[in-house]
Amino acid sequence: MTENPAPEILTDLTDDGVMLLTLNRPERHNAWTLEMELLYNELFDRAEHDPRVRAVVLTGAGRSFCPGMDMSVLDAASSGARPWPTDRLPPRTRPMSFPKPVVAAVNGACAGIGFNQALMCDIRFAVPHAKFAAAFSARGLVAEDGVSWILPRLIGYGNAADLLLSSRRITGTEALAMGLVNRLVEPQDLLPTALAYAGELARSASPYAMSLIKRQLADDQARTFTESRENAAALLATAKRAPDYREGVRSFIERRPPEFAGLGETPAPTPTPAPTPTPAPALAQEASS
């Protein structure tokens, strides 16, 4: 028996400020468990309050992303012997409420709750042979975690109805055609590409601005165009008073990388230009004579 088993989610923080979260049950294809869910939410909570973390990449160890709930959990829950404590768990929508960008690197099977978590991410990269499946109807379940709200907005009503009603599997290639994923990447390049993309966000984009944009993307789903435009004007006025606006402009003018503070981190003060000295009256008279 292993005294110190590896955690069910591995973490690594890159020099760019990208937190890599790796679902780590490769012997079970990273099937979801209660322990994994609790740790998942805890790690997102920590990353939200750590100003060093500017973006997150989520992937799976081995050949799979996450094929859904562990079958032993489903078997117990369906028999009533050990019900899943959903009433005592936070909503499974943590990446959506996370104020920093989240990139999913889907390296294989992605179904059920794994499918849901990939949808909750802001950006999805996948390998061509990845297998996506909602899988709920095949288990006698409904579309969980608000997926029936998210999916039509990503891929259209018809495609969403197809995937949710049929539970059929689609490859990464078909997922790209539907708009379910943003980019296909060969297996050996998937994680480096996702990390590079997230690293570019971490280096070049304002964490404060990205947090506001994520809020806009979520809130505007229930707004009219006019409401969205008015809300954007109010947010813009707020953003223009923040230090990141000045740093973004100055870095562009000075042709240098921006130095934005992390969320929750006190920004370095912007140097104030020294005032131009005013000539003393005597000197001014002397100069005019």
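**Exercise 1.** Which element gives the most to the lining of the second largest pocket?

*Solution.* The model is predicted: local features need pLDDT of at least 70, side-chain atom pairs count only at pLDDT 80 or more, and totals for chains, interfaces and linings use all residues. Residues are numbered from 1 along each chain as its sequence is written, and side-chain values use heavy atoms, with hydrogens and water left out.

Step 1. A pocket is an open set of points on a 1 Å grid over the protein atoms alone where a 1.4 Å probe fits, with protein on both sides within 12 Å along at least five of seven lines; lining residues have an atom within 4 Å of a point.

Step 2. The second largest pocket has a volume of about 530 Å³. It is lined by 20 residues, and those closest to its centre are C121, D122, K214, L217 and A218.

Step 3. Two or more lining residues come from each of α4 (113–120), β6 (123–126), α5 (147–155), α8 (187–204) and α9 (207–219). With five residues, α9 gives the most.

**Exercise 2.** Find the buried residues of α11 and say where they lie on the helix.

*Solution.* Step 1. Buried means under 20% relative accessible area and exposed over 50% (1.4 Å probe, protein chains only). In α11 (residues 243–253), D244, E247 and S251 are buried.

Step 2. These residues cover an arc of only 60° around the axis (taken from the directions from the helix axis to the C-beta atoms), which puts them on the same side of α11.

Step 3. The buried residues of α11 pack against α9. The face turned away from the buried side carries the exposed F252 and I253.

Technical notes
Points joined across faces, edges and corners; volume = space filled by probe spheres on them. Helix = DSSP H or I, 4+ residues; strand = E, 2+ residues; numbered from the N terminus. Contact = heavy atoms within 4.5 Å.
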